[in-house]
Amino acid sequence: MTMTPGWYLRRLSRMGPLEVGGRAGDALRRRQWRAEPPDAPGVTGARFTAVLPAGTIAAVPPDAVKRLIAEADRLMDGHVAYFGVARDDLTGPDWFRDPRTGRRARSRYAFDMPYRDEDAVGDIKQIWELSRHQYLTVLAAAYAVTGDDRYAERVSDHLRSWWAANPPLRGVHWVSGIELGIRLLSWVWIRRLLDGWSDAAWLFEGNPVALNQIWHHQRWLAAFPSRGSSANNHVIAEAAGQLAAACAFGWFPASERWRTGALRSLERNLRGNTFDSGLNRELATEYHGLVLELGLAAVAEADAADVPVPPSVRQVLLRMTDALAAVVDGRLRPPRQGDADDGHGLVVDGAGTDRWASLLATGDAVFGRLAWWPEVTCTDVRTPLLAALVRPYPGHGSAPAVSRPAVRPAHFADAGLTILRGPREVWCRCDGGPHGFLSIAAHAHADALSLEVRHDGVDVLADPGTYCYHGQPEWRRYFRSTLGHNTLQLDGGDQSVSGGPFLWTRHARSRVLAAGTAEAGVARWSAEHHGYRRSVHNRRVELDAASRELRVLDAVRGPRRAARLAFHLGPSVTADLTGNRAVLTWTRDGEDRSAVLELPGQLNWRAHRGESDPPLGWYSAGFGRKEPATTLVGTGFAGGAEEFTTVLRFRG
């Protein structure tokens, strides 16, 4: 996907004067850096002291160790899968080849790389993912728990290969700050986990090539921070990686300056990226998880180095953890809201480890769980490692340092997100919040007033997900479209106006009118949005605990317009549609479940599944993966005094 002159104009229109000035300075600096990059300043007597406390590895639960070793052995055999593409070349990877398209990104000056153009470089996500080196943190963790030198030697071979193939400022791996930040964090943990290996020091602090790479990564991050309308999760990753490296690898004359700048950026941008309620402002749940992981890892490094952390940093991470505990369903699955690209901050666990349970377990270890938190029974490797480095939060086991919710929150007013809960784990997310974060709302979807409904963790009315970013524009448009969500579309257009794959030029304005009001066992929510000019879409939702019935009432104030109302079913749900009545069936833990969906009779209803021209009827469980799923679409007209009533009634 190449960027046209029109895109650049639209993108410029979303920037303020300070951002424009900062980007102009960045452009000048990129031209100046074309010259041969300088060598890192000489380092003598460097020692790595940010080791794990004695007994930490022994505290890792045996079943988590078992999963870790199984994953490490698959990696040793050369097998890995990223974004739906299986690879078997991991014994000697090509750092520039995209396994999905077969294309290879040739090396040139980093800032000349057309990394968004899939025809030129391939799928950049596939190329970048391996070079985050998070599979190497898994191998290093396997060494730490087993003492088997094979894992350490493979890590060493791959790091030396990568460093040789990626000299500073050459190629696609020097283009994006988030990649450099996450890679630095991985290197810190690799060095820590290999500390018992005889050659660990010679791989890092005794290796001039490694020192040069570490210095240039930090020099790059200090020079080119994400700015203004791009200061989302990327700037958190940049600050976390810079802070981690400046603390653990603080061997350079600029280390103190880098550490101070990174900590200042982390404090400012964690606050800026997080609502007071604790939810991430991007309103994209996976990025909530990514930012929380990065923040916890950054604090761990600062604590390990005895670097004071502003209290507000821990307070934001505490609020984020409580918010996550509040929104998950009974199976510890959070909402599937906004973009998701399977990004992680720190990976030391094997396949089958639950990401969200792991985050809650770490939150319990660091902050202490509240009485209303859901129970976490899963184990992981990362929690005992982080908890060994992070200082206990004030109030953990004593009087709380800040006020925390006494009961489980259901409505997050600043984020416009409401969770309605019913018996037998009926869970419903209602969206009446801002379109997204900052002027471009990069990771937002046109999903105002959309719903997600689950029954015992099964997606019944599903958010279809994300699937892709670059290279497949028709699929990117579909998965972030209004029609691609459980809401009402007017005149065939989106509620918000897209200017590119990560750019929205006009944002729908939503407001919640009532939320969580429970009378006679009925929880209620209502909201409206003004995304369609001359029309206002109003939606009311009622969840009746006694009858296990969910009612959705849609109305449009304004002129009569063509309308499509969509309900996307989860991939495990089968629908038998007759007229405006659909019988839904699925299986959970070997038990047959069912529901009846009564749809508005004023609309003509059709079931769509796995259609590609145009896309309709798909579900993406993870980035790069999609599977057919049933979407029920009602077509007709909306406006005036007419109201559409949908009733979802669970049976059994």
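Tutor: Buried means under 20% relative accessible area, exposed over 50%, and partly exposed in between (1.4 Å probe, protein chains only). By that scale Arg-100 is partly exposed, at 34%. This is a predicted model: local features need pLDDT of at least 70, side-chain atom pairs count only at pLDDT 80 or more, and totals for chains, interfaces and linings use all residues. Residues are numbered from 1 along each chain as its sequence is written, and side-chain values use heavy atoms, leaving out hydrogens and water.

Student: Which residue does Arg-100 form a salt bridge with?

Tutor: Asp-123, with the closest N and O atoms 3.1 Å apart. A salt bridge here is a side-chain nitrogen of Lys or Arg within 4 Å of a carboxyl oxygen of Asp or Glu. Asp-123 is buried, at 10%.

Student: How many salt bridges in the whole structure?

Tutor: The search finds 49. One of them joins Arg-557 and Glu-528, at 3.2 Å between the closest N and O atoms. Arg-557 is partly exposed at 45%, while Glu-528 is buried at 4%.

Student: Which residues are linked in a network of salt bridges?

Tutor: Asp-329, Arg-333, Arg-429, Glu-452, Arg-454, Asp-459 and Asp-463.
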